[in-house]
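Good morning, everyone, and thank you for making time for this. Please take a look at the sequence and the model before I start talking about them.

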Amino acid sequence: MESVEFKEKLDGLFPEPKCELNYKNNYELLVAVILSAQCTDKRVNVVTNELFKEYNTPQKMLTLSQEELEIKIHSCGFYHNKAKNILVMSKSLVDNFGGEVPSDLNALQTLAGVGRKTANVVYSEAFKGDAIAVDTHVLRVSNRLGFVKTNNPLECEKGLMSKFDKADWGKLHLQLVHFGRYICKAQKPDCDKCPFGEMCTNK
């Protein structure tokens, strides 16, 4: 199946995919994405619904001690490292970026707790940049559909970038996340709902 035909079928499944993390500003998005590492968006939204009522800017976040923040984000898992990174990241935003989340991919990756995937999510979602963020869903689906043969997220990202138009990257990333989350699931893929059976390498 050609990438154009694949994209058309994906558009049929998820015509207007949305980020499922709740946020009201770029800083909230960045914090939510950091919290989402090895955690579900649903759980993150429960935590941030309370957290962001009082701590939705880097300046406000920095009024918390690490221990206080750990208590608030405990249920997201890896709370020690996540709390530490969020506070260091927040201080960097205040000290180096005027309290604003930078719109540059390289600048984003200088922040604590922000790797390539997180930077790509924020760049694409907040600033409408052209990027493909490779999470566990995107990596799994890309391998199952034969677009790549790798467990390396960066290699997967490059493989997808080479096969799809740059203007489609941001939407494609969200579509593949939704496809992996709701149809091509890790344990029990819903193959009856999948229009890409001829491409599947997981049979």
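What we have here is a predicted model, in which local features need pLDDT of at least 70 and side-chain atom pairs count only at pLDDT 80 or more, while totals for chains, interfaces and linings use all residues. Residues are numbered from 1 along each chain as its sequence is written, and side-chain values use heavy atoms, with hydrogens and water left out.

Let me begin with helix α1, residues 3-13, where a helix is a DSSP run of H or I with at least four residues, numbered from the N terminus. Its residues F6, K7 and L10 are buried, meaning under 20% relative accessible area with a 1.4 Å probe and protein chains only, whereas exposed means over 50% and partly exposed lies in between. Because these three cover an arc of only 95° around the axis, they sit on the same side of α1, the arc being that of the directions from the helix axis to the C-beta atoms. The buried residues of α1 pack against α11 (169-182), and the face turned away from them carries the exposed V4, E8 and G12.

Now to the nonpolar cores, each a set of buried Ala, Val, Leu, Ile, Met, Phe, Trp, Tyr and Cys residues joined through side-chain atoms within 4.5 Å. The largest has 34 residues, and its largest share, 8 residues, comes from α2.

Finally, D41 lies in helix α3 and counts as buried because its relative accessibility is 15%.

Definitions and conventions
Helix = DSSP H or I, 4+ residues; strand = E, 2+ residues; numbered from the N terminus. Contact = heavy atoms within 4.5 Å.
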